[in-house]
Amino acid sequence: MTAVAVARYLLSDAWRSQRVIIPVVLQIAVLAVLFGGDPGPLPTPWAASILALYPVSAWLALTLANTEDPVQRSVTVAAAGGPGPVAAGTLLVAVAGDLLLTLLSVAWPLVATHYTVPPGVLVGALLAHLAAGLTGTAVGFLCARPLVQRIGWSLLIALVVVIATAVQPWLPPVGSSVSAIEAGGHPGSLLVPVLVALVLAVVATAVSSTVARRG
Amino acid sequence: MLRAEGLHKRYRHGPPVLAGVDLALEPGAPVVLAGANGSGKSTLLRILAGCSAPTSGRVLGRPRVVGYLPDRFPAQLRMPADVYLRHLAQIRGVGVDTGLLETLGFTGRRGEPMARLSKGNAQKVGLAQALGCGAGLVVLDEPWAGLDVDAAEVLVELLTGVDAALLVTDHTGRAARIPGARHLALESGVVSERHSRSLGVSESAARSPEAGAAGASAGAGERAARSPGRSESAVRSAETAPIPAVRVVVLRCADPAGLAAALGVVGRVDGHRLVLDVAGSDVDGLLLAALQRGGSVESVR
């Protein structure tokens, strides 16, 4: 319950800072351009929105993790009873953001274009976007405070990691998700990427919490 | 009761900040911690409040709800004061004490982002979140910083009434007016009693075997002099504290039992006399503290 209260607090703070709006707007811009004309039959065009969601969710997680100033963070940590619930609350907000952007990215072409997909492929597209979003969350957390203090380094490291990992078609979770979508988007082929991405997000949260405790 | 045992802290690439801090905090026995700038007070407070872990050593018995005010409470919060206090109360799982801001003389606008508040008003919000949550442990780092005279007076009264375990650092001297407070100093990474070492706080140096015998004679006297809350820590140190050379100090005053309680020491009461066994190195500090509390010195042997 503490993590939920922390999540609500962080959401309120992040909303007031307005910095989380930039990555969300960026994803919307990508979707508008991508699905604006005739993107071709689904699910292949989703490969591009999945690739866009990866850095966008990393940016979102980085922003969320850095929303609080370090001293403000120490007050929150003392109130929550340790860095664990605060890290968990940050994860909750980031995952909520991933889900929101996933739904938006999958729904956009179904509304804006005349192409349709069978329910199985729809589930596959949702899983693939979610895998990219959760992986981005993991990358964002590992590039944010308390692991990386300076925002310049955070952006540089996140950019390198995202570019290096997104373009390997065999590499789970993002590369393999993109390949699976291009190969037809069967949900069965996307279960492993989603699970790997979920584990990555949880592990990144735990690492962040452990480093915060040591600080 | 909160106990810190053998706390060591060393940041990366730095010298040790804490080098074996033992500390016991209990409700009704406020502790005021002194120390030079950069002596590690804030680090110790952060560890006790649960914000960071010691490199080695442990903190036992930390209550579920902790009120913590950091040194330099951030003045750049985007939330209004009321919203911030409500969120922090929810994180702690307690109700909001909306009256505390008024008690402290908060003059800012409650619906306005805290970044627009003056330093003093922001500090009052920091105090309100730490003191208004019914915490079992309250840790305040320089709480008087930035407060006006009226609010500073109110804070002394508020801290006097705190029934939680309380640890305060202070450079303004106002903490000296918290009645019954123990005054400790952090120096070279260890905490020591400022006027007497015969309390629950001692350096984690090697315990000398004769300390037990010396302590036993101190403990053999009338124990009515000390308050119940202090008994455990006093007994613990009486049994274990290293006492290099024991001096017998005889103090005179109208209320020897009260004086012993005020000094936080164990001694024999003999009419208007208070007889104490004190470590040689602590005699000066103890005499000074006794004189400040209305005692007079009859003899030191």
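**View 1. The interface between chain A and chain B.** In this predicted model, 24 residues of chain B are in contact with 25 residues of chain A (in contact: C-beta atoms, placed from the backbone, within 7 Å). On chain B, two or more residues each come from helix 1 (41-49), strand 5 (66-69) and helix 2 (81-92); helices (H or I, at least four residues) and strands (E, at least two) are DSSP runs, numbered from the N terminus. Helix 2 of chain B gives the most to this side, with 6 residues. By class, the side of chain B that touches chain A has 12 nonpolar, 7 polar and 5 charged residues (nonpolar: Ala, Val, Leu, Ile, Met, Phe, Trp, Tyr, Cys and Pro; charged: Asp, Glu, Lys and Arg; polar: the others, Gly among them).

**View 2. An open sheet in chain B.** Three strands of chain B, in the order 2-1-4, form an open sheet with antiparallel pairing (two strands pair if DSSP finds at least two bridges between them). Strand 2 (16-25) and strand 4 (56-60) of chain B each have a single partner strand, so one side of each is left without a neighbour in the sheet. Strand 1 (residues 2-10) and strand 4 of chain B pair over 4 bridges, and B:R3 has B:L60 as its bridge partner in strand 4.

View 3. Helix 4 (residues 70-80) of chain A packs against helix 2 of chain B at an angle of about 40°, with the axes 8 Å apart; axes are lines fitted to C-alpha atoms, for helices over the stretch in contact, and angles run from 0 to 180 degrees between N-to-C directions. A:T76, A:A79 and A:A80 meet B:L88, B:I91 and B:R92 in this contact.

**Notes.** Residues are numbered from 1 along each chain as its sequence is written, while chains are lettered from A and ligands numbered from 1 in the order in which they are written. In this predicted model, local features need pLDDT of at least 70 and side-chain atom pairs count only at pLDDT 80 or more, whereas totals for chains, interfaces and linings use all residues.

Definitions and conventions. Contact = placed C-beta atoms within 7 Å.
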